[in-house]
Amino acid sequence: MATITTEGVRHVANLARLEFNDEETEHFTEQLTRILDYIGKLNELETDDVPPTSHIHPNQVFIMGSQTGAAHVAKPDVVKSSYPREEVLANAPEAEEGYFGVPRVVDRSH
Amino acid sequence: MLYELTAHALHEKLKNREITAVELVESVYARIDAVEPHVKGYLTLTKDLALEQADRADIGFQQGDEMPPLAGIPIAIKDVICTKGVRTTCASKILETFVPPYDATVMTKLHEQGMVMVGKTNMDEFAMGSSTENSAYQITHNPWDLDAIPGGSSGGSAAVVSADTAICSLGSDTGGSIRQPAALCGVVGMKPTYGRVSRYGLVAFASSLDQIGPFTKDVTDCALLLNAICGSDTMDATSVGVPVPDFTQSLINDVKGLKIGVPKEYFTSALDAEIADRVHTATAVLEGLGATVEEVSLPHTEYAIATYYIIAPAEASANLARYDGVRYGYRNGNPEDLITMYKRTRSEGFGEEVKRRIMLGTFALSAGYQDAYYKKAQKARTLIKSDFDAAFEKVDVIATPTSPTPAFKIGERTADPLQMYLSDVMTTPASHAGLPGISVPCGFVESGLPVGLQLLGAPFAEEKVLRVAYTFEQNTEHHRQKPQIGTDGVVS
């Protein structure tokens with residue numbers, strides 16, 4: 001397993017939409033290096049023939065609360081109303097004319 | 001005092017009209033007035049709402065209606081569970097103003113019972129932590145030693161039950177966040193099988209691990225709360241449709257014929273010697289009551305923390321992408337462009353541990369590293385789960401310590417994240433396998449801090465776990481001990 005550099009931390013921070021000053025970058029680099037060193041322990045395990053587990057009930061899938069053994073979870077496609085617009089927008093930091101407000105995305109000059 | 005009693009004892013008094021639900025709320029709030037300033041378990045108190053709900057329960061009792069067993073019982077809710085109209089912060093600045101427009105499924109179920117919500121409890125921000133010190137708002141104190149942490153991440157929910165400022169509570173457990181604080185605060189805490197309880201309205205941390213569960217003063221109350229919250233839900237495709245039994249039927253004071261496995265890998269040098277002693281004493285009690293106790297091996301136990309700190313942060317990094325300052329919560333209002341707004345909002349809104357885990361998870365999922373980290377961890381997870389599958393071929397229930405140490409001092413581990421992560425060494429293995437697990441009080445160390453016994457079952461074998469826990473409780477007195485919190489904040 002690889003380790004992580006300050007450059008790597010800056011790259012990952014950008015992917016995660018976070019920003020750090022130089023001091024924070026150093027700090028996270030140090031800490032993540034230590035944690036990743038510890039995680040390197042997993043290399044002791046021979047896993048070539050081991051299937052990955054993403055979910056603990058992979059073969060146990062249910063539809064509408066009854067066990068069917070089917071491969072997908074589905075529920076009836078029932079049309080119903082969503083939450084009232086004003087209730088949803090009530091939590092928005094900025095709302096305008098029934099929409100969420102964000103900084104300008106498209107440059108007006110183009 | 002009413003606030004000291006269990007839900008099932010209070011139900012008898014409510015049913016017999018010896019007390020009213022409103023009196024009960026007043027009693028709990030009197031206790032809150034006396035000790036909450038020292039414990040600081042709550043982020044939000046909802047007394048007016050509680051009195052309204054209690055009033056409704058009282059009308060039912062007065063009319064002689066057949067009332068559910070938890071009607072009128074005051075419950076505290078971890079602030080990671082959405083409560084319609086009541087602020088839900090996840091102990092994060094980024095959700096400081098968030099008021100959910102809907103109830104989590106568990107809240108709907110508690111309302112159907114006629115339960116009374118006392119307030120929302122403190123936690124590690126977004127449930128990431130083992131001490132509740134990662135809350136953006138306050139430090140919660142362990143009622144047994146106000147200088148010690150209550151455990152985490154559901155530290156508030158554990159502390160308020162221990163301090164009698166709630167009769168019971170709900171928490172969430174991703175890698176031990178119910179069981180560990182229950183052990184450290186000397187109460188009963190249970191994580192049901194993954195899929196038993198709907199996660200709809202539980203703010204997501206690590207979706208393949210998160211599960212809601214109860215904190216209670218005894219195992220009977222635990223069974224009652226499980227009855228109330230379990231069951232499949234069309235709003236959560238990972239909730240499982242296996243039938244939900246009446247868990248009170250598992251409250252059988254008898255373990256004859258049951259096999260209890262004690263995994264040797266849990267008794268390492270990292271385990272506090274006094275805790276090892278209390279757990280061995282506990283398994284000896286069960287053996288004396290007719291259970292067969294035998295050693296089992298879970299050889300991949302030592303890889304559980306490394307596996308957890310890949311899988312949980314990876315899932316968290318995806319789940320927490322939604323906090324972007326657009327639809328809810330905090331926003332840095334200055335930036336002129338969208339990307340800078342996202343970055344400043346998230347960097348200012350999230351605390352350090354949350355950022356650390358987002359970084360770790362984003363790294364583990366990033367191009368070039370996904371196979372080496374995330375996939376490797378998923379394979380290790382398979383090995384850990386296979387250990388349990390093999391053990392449950394031989395035994396009914398596995399008994400271990402819940403936490404390697406008793407509650408540590410506030411501030412003791414905050415400088416070293418890895419040291420803090422190792423607090424979860426006894427609880428994360430079962431999380432990977434999705435198993436049901438309970439922590440019950442099994443004694444005290446010399447310094448007076450409580451010790452928890454963790455009992456684990458095969459998936460959906462909650463009934464066996466409850467039966468062993470109940471038998472242990474009925475034949476010991478540990479759960480009757482209460483912390484003595486003086487109104488001056490001194491534990492006498």
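This is a predicted model: local features need pLDDT of at least 70, side-chain atom pairs count only at pLDDT 80 or more; totals for chains, interfaces and linings use all residues.
## A loop residue to start from

Two residues are in contact if their C-beta atoms, placed from the backbone, lie within 7 Å. Setting aside residues up to four places away in sequence, B:Gln138 touches B:Lys40 and B:Asn122. B:Gln138 sits in the loop that runs between strand S3 (116–121) and helix H5 (155–162) of chain B.

B:Asp124 is 14 residues from B:Gln138 in sequence, and their C-alpha atoms are 9.8 Å apart in space.

## The sheet of chain B

Chain B holds an open sheet of 11 strands with mixed pairing, in the order S1-S3-S2-S4-S6-S5-S10-S11-S9-S7-S8. Strand S1 (42–45) and strand S8 (292–296) of chain B are at the edges; each has a single partner strand, so one side of each lacks a neighbour in the sheet. On average, and ignoring direction, neighbouring strands of this sheet are turned by 30 degrees against each other.

How many bridges join S7 of chain B to S8(B)? There are 5 of them, and strand S7 (residues 259–263) runs parallel to S8(B). At B:Pro263, the bridge partner in S8(B) is B:Val296.

## A helix lying on the sheet

Helix H15 (residues 462–474) of chain B packs on the sheet and touches S7, strand S9 (397–401), strand S10 (437–444) and strand S11 (450–457) of chain B. The direction of H15(B) makes about 150 degrees with that of S11(B). H15(B) has 13 residues and reaches 18 Å from its first C-alpha to its last, close to the 18 Å expected at 1.5 Å a residue.

H15(B) is mostly covered, with 11 of its 13 residues buried.

## Inside chain B: a buried isoleucine and a helix pair

B:Ile311 belongs to helix H9 (residues 304–319) of chain B. Because 28 other C-beta atoms lie within 10 Å, B:Ile311 counts as buried. Leaving aside neighbours within four places in sequence, B:Ile311 is in contact with B:Ala206, B:Ala377, B:Gln378 and B:Arg381. One of these, B:Ala206, is 105 residues away from B:Ile311 in sequence, yet the two are 7.7 Å apart from C-alpha to C-alpha.

Elsewhere in chain B, helix H2 (residues 21–39) and helix H3 (residues 47–62) pack with their axes 7 Å apart, at an angle of about 150 degrees. That angle makes H2(B) roughly antiparallel to H3(B), because angles over 145 degrees count as such. From H2(B), B:Ala21, B:Val22, B:Leu24, B:Val25 and B:Tyr29 meet residues of H3(B) that include B:Lys47, B:Leu51, B:Ala54 and B:Asp58. The residues of this contact divide into 9 nonpolar, no polar and 3 charged.

Chain A has 3 helices and 4 strands, which run α-α-β-β-α-β-β from the N terminus on. Of its 110 residues, 15% count as buried. Among contacts in chain A with a separation of 6 or more, 28% are between residues 24 or more positions apart.

Between the chains, 47 residues of chain A are in contact with 57 residues of chain B. On the chain A side, helix H1 (6–15), helix H2 (22–39), strand S2 (66–67) and helix H3 (85–89) each supply at least two residues. Which element gives the largest share of that side? H2(A) does, with 7 residues. By type, the chain A side divides into 30 nonpolar, 11 polar and 6 charged residues.

## One helix crossing between the chains

The axes of H1(A) and helix H11 (residues 352–365) of chain B come within 9 Å and cross at roughly 95 degrees, so H1(A) is roughly perpendicular to H11(B). A:Val12, A:Ala13 and A:Leu15 of H1(A) make the contact with B:Met359, B:Thr362 and B:Phe363 of H11(B). The residues of this contact divide into 5 nonpolar, 1 polar and no charged.

Methods. Residues are numbered from 1 along each chain as its sequence is written. Chains are lettered from A and ligands numbered from 1 in the order in which they are written. Two strands pair if DSSP finds at least two bridges between them. Axes are lines fitted to C-alpha atoms, for helices over the stretch in contact, and angles run from 0 to 180 degrees between N-to-C directions. Ala, Val, Leu, Ile, Met, Phe, Trp, Tyr, Cys and Pro count as nonpolar, Asp, Glu, Lys and Arg as charged, and the others, Gly among them, as polar. The expected span of a helix is 1.5 Å times one less than its number of residues. A residue is buried if 20 or more other C-beta atoms lie within 10 Å of its own, exposed if 12 or fewer, and partly exposed in between; C-beta atoms are placed from the backbone. Angles under 35 degrees count as roughly parallel, over 145 as roughly antiparallel, 65 to 115 as roughly perpendicular and the rest as oblique.
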